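Visitor: Hi, could you walk me through this structure? I'm new to this, so please spell out the terms as you go.

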Amino acid sequence: MVGFDSSDDAAVYRVNDSTAMIATVDFFPPIVDDPFQFGQVAAANALSDVWAMGGAPRIAMNLLTFPSCLPLDAVQGILAGGYDKVMEAGAVIVGGHSIEDKEPKYGLCVMGFARPQEILTNDGAQVGDILVTTKPLGTGILSTAAKAGLLSQGEFDEMLAIMTTLNKKAQEAMLPVRPTACTDITGFGLLGHVQEMAKGCGHTVELWAGAVPIVPKALELARDGIIPGGAYNNMSYLGDDVAIDSGVPLERSDVLYDPQTAGGLLIAVPEARAQTLLQRLRDLGVPGAAIGRVLPRDSYMVRVKPGTM
Amino acid sequence: MNQVDARGYSCPEPVLMTKNALKSGTPLVVLVDNMTPVQNITRFASNAGYKVSHKAVGDDFEITIDK
């Protein structure tokens with residue numbers, strides 16, 4: 001049903017008329033020092049694609065590389081962190097594979113299921129839809145700062161909480177509201193994933209920069225030039241597809257390009273149901289925010305305005 | 001002239017090295033080997049009230065920071 005020809009989060013295979021299987025894989029090197037926390041972040045990130053496609057994760061398999069000098073308890077810590085989040089997701093780890101490598105890397109291959117008619121892709125947004133996010137931005141900048149010890153314990157904990165929060169509840173809030181499109185915000189940054197959504201549906205997305213939830217410390221760090229190379233890669237890759245109004249402060253637009261690890265969902269929903277979605281997110285303790293809307297296609301795929309709508 | 005060679009370092013190190021070197025005054029010249037530290041150092045220094053310019057020198061970049 002979904003494969004290489006779209007830029008969706010996972011592959012979807014129709015098993016029969018009532019069941020579609022969603023398959024995805026994701027792994028990366030440590031972005032935090034603590035093995036258990038790294039395992040949790042990697043698992044939250046890998047599981048997310050299944051929720052973004054409208055499914056429920058059921059089976060996961062570990063992928064692990066580690067240098068022979070890595071202590072056994074670090075390896076066990078990573079796997080325990082992954083196990084913790086897979087359990088929380090309601091899935092089970094059924095195996096995996098590990099090989100020796102110079103650098104540790106961890107992630108999972110995750111399979112989930114949905115009814116075929118409930119599969120969500122990133123290309124279905126309609127003119128008039130409202131876009132909603134479910135986590136604050138800034139984890140790429142914050143983890144760059146963390147590498148150099150520039151975060152207080154409280155700031156680090158806030159970053160970690162964002163990256164280890166599963167998108168399960170956000171999806172639970174979203175499904176009954178029947179969104180038109182969904183994806184999760186990861187390496188391409190908010191603007192990269194918004195551009196994919198705009199490209200896929202053939203319309204233009206107007207983003208309200210002032211309405212996008214951002215961790216305040218990330219804005220401060222952006223002003224100080226603590227921005228990962230990936231943000232600049234996203235900027236040059238997106239180029240003229242994105243028009244940013246000159247009234248948007250530079251540090252704010254920088255964060256909109258910031259690559260996220262285990263970011264939140266980006267949901268398109270008809271305007272008439274947007275308030276219901278925001279209320280459902282609030283009820284489940286998810287920080288949802290309306291950040292833009294879909295307009296008829298003009299000369300740009302994405303327009304970023306200052307202000308909150 | 002005050003000079004910092006931040007080639008071979010990845011972010012955020014070049015910014016932190018620049019910040020540290022600015023304590024000894026301006027003008028400061030910073031050498032880096034890709035555009036990410038150029039953009040990061042430009043953001044940091046201009047937000048801190050300095051004048052910043054850069055030019056390509058071979059495969060590297062030379063950033064000049066002054067009051």
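Guide: Helices here are DSSP runs of H or I with at least four residues, strands are runs of E with at least two, and both are numbered from the N terminus. This is a predicted model, in which local features need pLDDT of at least 70 and side-chain atom pairs count only at pLDDT 80 or more, while totals for chains, interfaces and linings use all residues. Residues are numbered from 1 along each chain as its sequence is written, and chains are lettered from A and ligands numbered from 1 in the order in which they are written.

Visitor: How many residues of helix 3 of chain A are buried?

Guide: Seven of the nine residues in helix 3 (139-147) of chain A are buried, among them I141(A) and L142(A). A residue is buried if 20 or more other C-beta atoms, placed from the backbone, lie within 10 Å of its own, exposed if 12 or fewer do, and partly exposed in between.

Visitor: And what covers them?

Guide: The cover over the buried residues of helix 3 of chain A includes helix 4 (153-164), helix 7 (216-223), helix 8 (229-238) and helix 9 (250-257) of chain A.

Visitor: Changing topic, what domains is chain A divided into?

Guide: Chain A is divided into domain 1 (4-118) and domain 2 (130-305), with bounds from an automatic or database domain assignment. Their C-alpha centres lie 22 Å apart.

Technical notes
Two residues are in contact if their C-beta atoms, placed from the backbone, lie within 7 Å.
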